Amino acid sequence: MDSVTLNVKEGEVFGFLGPNGAGKTTTVRMLCCLISKTSGEASIAGYDVGKEADALKIRSLIGLVPDNVGLYDDLSAYDNLDFYGKLYDRTEAQRKENIQRFLTMLGLWEKRDVAVGTFSKGMKQKLGIACALVHDPQVLFMDEPTANLDPESAKTVRDFILDLKKEKRTIFLNTHNLDEAQKICDKIAILNTKLMAMGTPEELERSASGRTTVVQLVQVSDAILAALRKLPVKNMVVEGNRLTFDVMDPEKENVAIVDAIYGAGGHVQTVTVVGSTLEEAYLKLVRLDEK
Amino acid sequence: MRLSKSRIIASKDFKVFMKKKNILYSIVVLPLMISFLLPGVVAYAGHNNGASGISAAELTVLLPSFTFLYLVIAGVIPSTIASYTIVGEKVEKSLERLLATPTTDDEILLGKGIAAFLPPMASILGGATIFMVLMDLATRGRLGYDFFPNWNAAIVLFVMVPFAVIMSVEWNVVVSSRVSDVRAAQQIGALIVLPLGLIYLTGELDLIPLGNTSNLLIIAGVLLALDLILLYVAKATFRREEILTKWK
């Protein structure tokens, strides 16, 4: 890990994207005070990561959903949660209330006394998230919470994360799933041992390769093309009466394009903006780094 | 160090043991077997062809060394539990979640240690009580007195056996860092029985008279020294970062 500078605001869902071996899990482990950093600074809720005295405080404030679900198969769902609640010094009343609340939210309350070993993968993953929440942490680290889940279970977990987002919890989400990151995260960082890019999903889409504007005209003329060539647009392609341009900021550049067409006596039928996806942005950044 | 955290971890492990029949059997069967088998052997051995059985002189040599069998099983039983509590958690991938809780490495290690220490101790002391009662019944007629309890047996059961159990637990912590399979951990962990078996053999062969209290205290001192050395190694092995980055 090198050159990683980031700031996650309270109540934000922050996505960490990157290929295998990019350092996502290592970053989470460092921030959770599970492994030490060799250099640099980090703090969570004002406590210094790496300071021995602050490590216990940080671990009591956060919840971790590791990439392996890590539950005790021989114990019931309730006993698993109760064990972690006790380790976080929650009173019996607090534990009872939180266990009931989270198991109900995740649709597992009826199965509370059943041994976890009999649970499906999706149920275990949901219970794993509940284990990380039983002490009501304000900061939650989730390491690929939907990996290896079937689409239905993955959706349940994603919906649950969105519910947690509504509760204004700060969530740090490691994921491979770009669609998931786009749907859930307020801000995304792309990591490949160093920070490649960071921003909102929309900002990342734009910053990677910009967008394409497609203009359908009634009739293309030499005057229109001459007018458009005077604009700072890139890669104009003419196909019949359809023109395409690469634009970085469609909200501003499209106005100039339409004005130029009208000014040259043309008539516009439709204007469409085709965006690059987060996937394209991600792949471009990662491949660029590999080169 | 907060003992409450260690107690929570140990309680959870006890709950898991109660659900695992193989662990329960391994804790209970061996001490019980010895407790019933040996008095039976002493009661009936040497009675064929009109012989009167083991003589009183032979019994006074034999009985102290029998007590040492509990020292040997003190090495065996904890390896089953200790290998489960640490390698088992590693295999079930629950260790990272546990390490992420606000507990120190020492609190987790102590919790695991208590979980691996108490059941074998309870089982060995329970088994030894049955053994002593039955052995007294079997030998009273020939000896003319109750051989058990006596000070030497007390030193073996209340000093040497706990030291041996602790040694076995610590050894298994060290082994756990090098293997990723519960069975392998149990097999390598059980190697701790070799030095303990050696003590039993030296008694049987009368190389070191085990009926001598001074000898017992010296052996107990050696076990304590080994415990302290292994404690240092186990503590150095059981570190969060080591577990997550270097353990197999």
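Two strands pair if DSSP finds at least two bridges between them. In this predicted model, strand S1 (residues 13–17) of chain A meets that condition with strand S7 (residues 187–191) of chain A, because 4 bridges join them.

- An open sheet of chain A is built from 6 strands, with mixed pairing.
- The strand order is S4-S5-S6-S1-S7-S8.
- Strand S4 (62–65) and strand S8 (195–199) of chain A are the edge strands, and each pairs on one side only.
- From one strand to the next, the twist averages 15 degrees.

**Strands S1 and S7**
- S1 and S7 of chain A run parallel.
- Gly15(A) stands opposite Ile188(A), a residue of S7(A).

**A helix on the sheet**
- Helix H5 (residues 121–133) of chain A packs on the sheet.
- This helix touches S4 and strand S5 (139–143) of chain A.
- The direction of the helix makes about 165 degrees with that of S4(A).

**Where chain B touches chain A**
- On the chain B side, 21 residues are in contact with 24 residues of chain A.
- Helix H1 (3–19), helix H5 (95–99) and helix H11 (240–245) of chain B are the elements that give two or more residues to this side.
- H1(B) gives the most, with 6 residues.
- By class, the side of chain B that touches chain A has 11 charged, 6 nonpolar and 4 polar residues.

Definitions and conventions: Residues are numbered from 1 along each chain as its sequence is written. Chains are lettered from A and ligands numbered from 1 in the order in which they are written. This is a predicted model: local features need pLDDT of at least 70, side-chain atom pairs count only at pLDDT 80 or more; totals for chains, interfaces and linings use all residues. Two residues are in contact if their C-beta atoms, placed from the backbone, lie within 7 Å. Ala, Val, Leu, Ile, Met, Phe, Trp, Tyr, Cys and Pro count as nonpolar, Asp, Glu, Lys and Arg as charged, and the others, Gly among them, as polar. Axes are lines fitted to C-alpha atoms, for helices over the stretch in contact, and angles run from 0 to 180 degrees between N-to-C directions.
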